[in-house]
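Here is a short report on local features of one protein chain. Keep the sequence and the structure side by side while reading.

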Amino acid sequence: MTFAATVLTLYPDMFPGPLGISLAGRALERGDWSMDAVQIRDFATDKHRTVDDTPAGGGAGMVLKVDVLASAIDHARATNPGAPVLAMTPRGTPISQERVRELAAGPGAIILCGRFEGFDERIFEGREVEEISVGDIVLSGGECAALMVLDACIRLLPGVMGAASSGTEESFEDGLLEYPHYTRPVEWEGRTIPEVLRSGDHAKIAAWRKTQAEDHTRSRRPDLWERHVDVRDRLPLMRGKKTKD
């Protein structure tokens, strides 16, 4: 099964963009995944190909029209059946590595890129659309956010990364930030690679990396650390319940 990405956008020339180079680009050339950037304006019905209008009730900016958006989504679903529709919006659910893994394991994704003041709210009532955010920031449009989400998915596809462990031994995969990395030279400006990493003792190295990951998460992302501790503490209870059942 090939991961198929369909992007609904007013700027299809932005794709594949950076996804056309390096590992993702080579995977695209091999056919490991596919990309279809669809012009939303093609689904406008008037002679001016209008895709937006003024906000109901007044206010600044323009809003993407629900009828145009619905036609674009229906077209994408017909050509990419089974793929979830994701709308890039600051008010969406923050994307997580867990959700990325779910997407990467599926048939692909249809990504709706907003512009102006965003989407007519009725599109979320009339179509099954998942609202996704890439962070507490506001962008000029959803295209850059779509590239981020797709990059996160594509790198997890089989054969895209060189080492299989590259997709698992990194930040967020086990609820923690990743441990620090070093490489040669051994000494630089009086700073040396930690001795444990030069010891050749794989058990000690693994223990050091785990401790570093925990310390970094606790100090830099207390929100992640709190969730990690909560999950860790609940695991024995969950295992015990399964055993009793």
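Ser-22 is placed in helix α1. The model is a predicted one. Ser-22 is not a glycine, yet its phi is positive, at about 55°. The relative accessible area of Ser-22 is 48%, so this residue is partly exposed. Exposed would need over 50%.

Glu-189 also has a positive phi, about 50°, and is not a glycine. Its place is the loop between β8 and β9 (191-192). Glu-189 has a relative accessible area of 60% and therefore counts as exposed.

## Two cis peptide bonds

Phe-15 and Pro-16 are joined by a cis peptide bond, with omega at about 0°. Pro-16 lies in the loop between β1 (3-9) and α1 (22-30). That helix, α1, is where Ser-22 is found.

Another cis peptide bond links Arg-184 to Pro-185. Here omega is about 10°. Pro-185 sits in the loop that runs between α5 (143-154) and β8 (187-188).

## The second largest pocket

The second largest pocket holds about 420 Å³ of space. Its lining has 24 residues, and the closest to the centre are Met-88, Thr-89, Pro-90, Gly-118 and Phe-119.

Which strand gives the most to this lining? β5 does, with four residues. β5 (85-94) and β7 (130-133) each supply at least two residues of the lining. Sorted by class, the lining has eleven nonpolar, eight polar and five charged residues.

## Rings and a charge

The count of aromatic pairs comes to one. The pair is Phe-119 with Phe-124: the ring centres are 5.9 Å apart and the planes stand at 90°, so the pair is edge-to-face. Planes over 60 degrees apart get that label.

Are the two partners buried or exposed? Phe-119 has 12% relative accessibility, so Phe-119 counts as buried. Phe-124 has 16% and is buried too. The cut-off for buried is under 20%. Phe-119 thus links two topics: Phe-119 is part of the edge-to-face pair, and Phe-119 is among the residues closest to the centre of the second largest pocket.

The charged end of Arg-218 sits over the ring of Trp-225, at 4.4 Å from the ring centre.

Conventions:
Residues numbered from 1 in each chain as written. Predicted model: local features only at pLDDT ≥ 70, side-chain atom pairs only at ≥ 80, totals over all residues. Heavy atoms only, no water. 1 Å grid on protein atoms, 1.4 Å probe; cavity = no way out; pocket = protein on both sides within 12 Å on 5 of 7 lines; lining within 4 Å. Points joined across faces, edges and corners; volume = space filled by probe spheres on them. Nonpolar A, V, L, I, M, F, W, Y, C, P; charged D, E, K, R; others polar. Phe/Tyr/Trp six-rings, centres within 6.5 Å; stacked < 30°, edge-to-face > 60°. Buried < 20%, exposed > 50% of the residue type's maximum accessible area, 1.4 Å probe, protein only. Lys NZ or Arg CZ within 6 Å of the ring centre and 35° of its normal.
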